[in-house]
Amino acid sequence: MFSKAEAQKLREHFWISFGKSFPRKWILYNTKIKGFSFKFYFDKKKAMVLLDIEDHNIENRIKYWDKMISLKTILKDEFLPEAVFNADYVLDNGKEISRIYLEKHTVSIHNKNTWQETMVFLNENMKQFEAFYLEYEDFIKA
């Protein structure tokens, strides 16, 4: 068991190590679409690569979700076969968003022995997500 401070240090160490191991500028929040962002996630139970659509304007959220659904076959066939689509994902704070994600279980930010495989998972899947986005960016933004 780690103290809060020790757990925070481990998280910081992981993300610094990830940045050094896979140095590149990720798109993440820089999609130029409000509420449409790519994210990395890693905790004690799993790692995730995410695309969140969380616009406060429900019509915009639906518009972008519908575009992603229209591209679902391409995303899964050509880029990320394991992608999970969830139109009504509820965050821990109760907020409802739309989310496309990939998960890796049996890894833990508290277990340094799983860090390398997690870094590879995050890097490979985000590269594919970004390649997909860049290929279809004009359609998504239209």
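## Handedness of a helix crossing

A crossing is right-handed if the near helix is turned clockwise from the far one by less than a right angle, and left-handed if the turn is anticlockwise. In this predicted model, helices H1 and H4 cross in the right-handed sense.

## How H1 and H4 pack

Two packed helices are described by the angle between their axes and the distance between the axes. Here H1 covers residues 4–21 and H4 covers residues 115–141. Their axes come within 11 Å. The crossing angle is roughly 55°. H1 and H4 are therefore oblique to each other.

Which residues make the contact? H1 supplies Leu-10, His-13, Phe-14, Trp-15, Ser-17, Phe-18 and Ser-21. H4 supplies Trp-115, Thr-118, Met-119, Leu-122 and Asn-123. By class, the contact of H1 with H4 has seven nonpolar and five polar residues.

## The chain as a whole

The protein chain has four helices and four strands. Along the sequence, their order is α-β-β-α-α-β-β-α.

The radius of gyration is 16 Å. A compact globule of 142 residues would have a value near 14 Å, which agrees. Along the principal axes, the C-alpha atoms fill a box of roughly 45 × 30 × 25 Å.

Buried residues account for 43% of the 142 residues. Take the contacts in the chain with a separation of 6 or more: 62% of them join residues 24 or more positions apart.

Is Ser-37 buried or exposed? Ser-37 lies in strand S1, residues 36–42. Its relative accessible area is 5%. The cut-off for buried is under 20%, so Ser-37 counts as buried. Leaving out residues up to four places away in sequence, Ser-37 touches Leu-28, Tyr-29, Thr-31, Leu-50, Leu-51, Asp-52 and Glu-54.

Ser-70 belongs to helix H2, residues 58–70. The relative accessible area of Ser-70 is 48%, which makes this residue partly exposed. Ser-70 and Asp-88 are 18 residues apart along the chain. Their C-alpha atoms are separated by 17 Å.

How values were computed:
Residues numbered from 1 in each chain as written. Predicted model: local features only at pLDDT ≥ 70, side-chain atom pairs only at ≥ 80, totals over all residues. Heavy atoms only, no water. Axes fitted to C-alpha atoms, helices over the stretch in contact; angles between N-to-C directions. Helix = DSSP H or I, 4+ residues; strand = E, 2+ residues; numbered from the N terminus. Parallel < 35°, antiparallel > 145°, perpendicular 65-115°, else oblique. Contact = heavy atoms within 4.5 Å. Nonpolar A, V, L, I, M, F, W, Y, C, P; charged D, E, K, R; others polar. Rg over C-alpha atoms; globule rule 2.2 N^0.38 Å. Buried < 20%, exposed > 50% of the residue type's maximum accessible area, 1.4 Å probe, protein only.
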